[in-house]
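Please look over the model shown below before reading on.

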Amino acid sequence: MAIDRRHFLEISAAAITGLALSPASESSSQSAPASPAGKAAASGGVDLVALTLTGAAAQIRQKQLSPVELLDASLDRIARLDSKIGAFITVATAEAREAARASEKEIAQGKYRGPLHGIPVCLKDTNYTRGILTTAATPVLKDFVPSFDATIVRKLKNAGAIIVGKARLPEFSFGGETPGTHNPWNFSRSPGGSSGGPAAALASSMVLGASGGDTSGSIRNPAANCGVVGHKPTFGLVSRYGVIPISWTLDHVGPMARTVEDCAILLKVMAGYDPNDRFSARVPIPDYPQLLKRNVRGMKLGIPSPSVLEKFHPDSKRTFQDAVKTMEGLGVQVREVKMPPSLEVASASHTIIRIAEAAAYHRQFLLTRADRYLPDDESSEAVTRVRTTVEAGSLLTAAQYLRAQQVRKVFIQELLEMYSPLDALLTPSMPGPPGEPANPPVTFRPEYNLCGFPACCIPAGFSQSPPGLPMGVQISAKPFDDAVVLALAYAFESATEWHKKRPNL
Amino acid sequence: MASDVTKETIQALAAANGLHLPENRLDRVLKQYQSFLRLTDRLNAYDLKMDAEPSTVFTLTAEVPDSPSARKSAAAPSQQKKGGSRGNR
């Protein structure tokens, strides 16, 4: 709920004159609470569960909401909930408070920077943050404090976003689970991964926006599992400079939020050419939020044939079929398309490229501090930790890597042909509800890292068996058609209520 | 073939690559390596043209046709620049 304007102006005046606005108990970067902090005091009536980034931005711009109050609400929620959810590795309390006070002062002086000004966000803990611990959840980097900000962090800060903390991930982003983080919809379930911390923080209304990383589906998987929106941009659209990599030619960085519009606002800030990223694309950046509301009637939407989805969980298939009906109701022209022949080996190509490139990055760590990686899980043959994976990846030959890259090129060409008559493709987000077994040969996740096309996962329902777990669908399109993806996602979201659901915490 | 690879193979490959793998790690690394080889076997079996070039330097933007939809989506009138490249090389 908004505070009144007089209150904000009083706060603003205090900020300008340098008066203390917040409790003096703030400290420098600190680890997330390890034990229940108890229910925090209400923060000026700010209801983060009901707010979206877009809504908060409107209130801040109109000086109806103070960035300091908003941050207090975020920190209170983290203090109250994160001992149960485990979304954060580091909460940057002192830095966030300082940034929020500065934002408040600027806004009071009429220097409003835009819709991220004063908005609390979290970053996946692979993003370099100057002066703040950046661990990638690995003991290998447990003391690493970068001396500069990643490009994406610099852009967010320049837009006025308040960096609340660094969110959890599996070691070095390897894997589709996030150990230590629980799904806010059901604590016994995984939030997915690797951007599981950002997704859980969003779903539990601790922050209003987040950055994620996606090498094999790591933005989209946790977004789907936690019932939030995750957009993997076109390869090259968002700089990866200063982001701890897995694989240079598969890694993507992108926005996560609770609504499509919030994601579009974040993407507009994150996107743009960066000479420090060798693969950064020199393309015009559209006004993604402005383009959301275009008419989607008549757009051509491809869908895979039922046989491609045969091994998907019944809840994934039902959610997908319901989404198709919603799209048809919006006037979108839906038609089945034939998948390209190379799709059957796309996942294999992706895995070989990913691990060969990861092995090259990890070589120095293997030579100098191999014993610091997390140990293998001896209780499970199925669990392979990063060290083992990159050691084995180091043994692949250049010819094997190049064979995978040959297949990749064929795959991209075939996919471009498939998308040629389409505006977008609709698929399920995940093969099944979080934690439920389903292993189809094609999942529509790593394939989009291999091709680099944009793909956005949006909430589209809840599972029936087991009940109550978030389900989603994915919309993808041709390279640099991110605005088309987001427009279709926005139209779908506007026709449904799934994005308004919140876990009962 | 993946099943033909032994712990000795792993040790030899690692040594050739300048890596030392302790004895107690060989079983796990072998299993992981075999799983990768099953994937490379699939890739080797895939029917590729002899002259298929790899995307060794992944330039997605260079491979994308200048499609009307791509132009439409990127069309922010106030921001569009004339003569801009569609991507780096």
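The domain assignment of chain A, whose bounds come from an automatic or database source, gives domain 1 (5–290), domain 2 (312–337 + 409–500) and domain 3 (343–405). This is a predicted model, in which local features need pLDDT of at least 70 and side-chain atom pairs count only at pLDDT 80 or more, whereas totals for chains, interfaces and linings use all residues. Residues are numbered from 1 along each chain as its sequence is written, while chains are lettered from A and ligands numbered from 1 in the order in which they are written.

**Domains 2 and 3 of chain A**

- Between the C-alpha centres of domain 2 of chain A and domain 3 of chain A there are 29 Å.
- To their contact (C-beta atoms, placed from the backbone, within 7 Å), domain 2 of chain A contributes 8 residues and domain 3 of chain A contributes 7 residues.
- On the side of domain 2 of chain A that touches domain 3 of chain A, the elements giving two or more residues are helix H13 (398–419) and helix H14 (446–451) of chain A, helices being DSSP runs of H or I with at least four residues, and strands runs of E with at least two, numbered from the N terminus.
- H14(A) gives the most to that side of domain 2 of chain A, with 4 residues.
- By class, that side holds 5 nonpolar, 1 polar and 2 charged residues, where Ala, Val, Leu, Ile, Met, Phe, Trp, Tyr, Cys and Pro count as nonpolar, Asp, Glu, Lys and Arg as charged, and the others, Gly among them, as polar.

**Chain B**

- Chain B has 4 helices and 0 strands, in the pattern α-α-α-α when read along the sequence.
- Of the 89 residues in chain B, 26% are buried, that is, have 20 or more other C-beta atoms, placed from the backbone, within 10 Å of their own.
- Among contacts in chain B between residues at least 6 apart in sequence, residues at least 24 apart are joined by 52%.

How values were computed
Two residues are in contact if their C-beta atoms, placed from the backbone, lie within 7 Å. A residue is buried if 20 or more other C-beta atoms lie within 10 Å of its own, exposed if 12 or fewer, and partly exposed in between; C-beta atoms are placed from the backbone.
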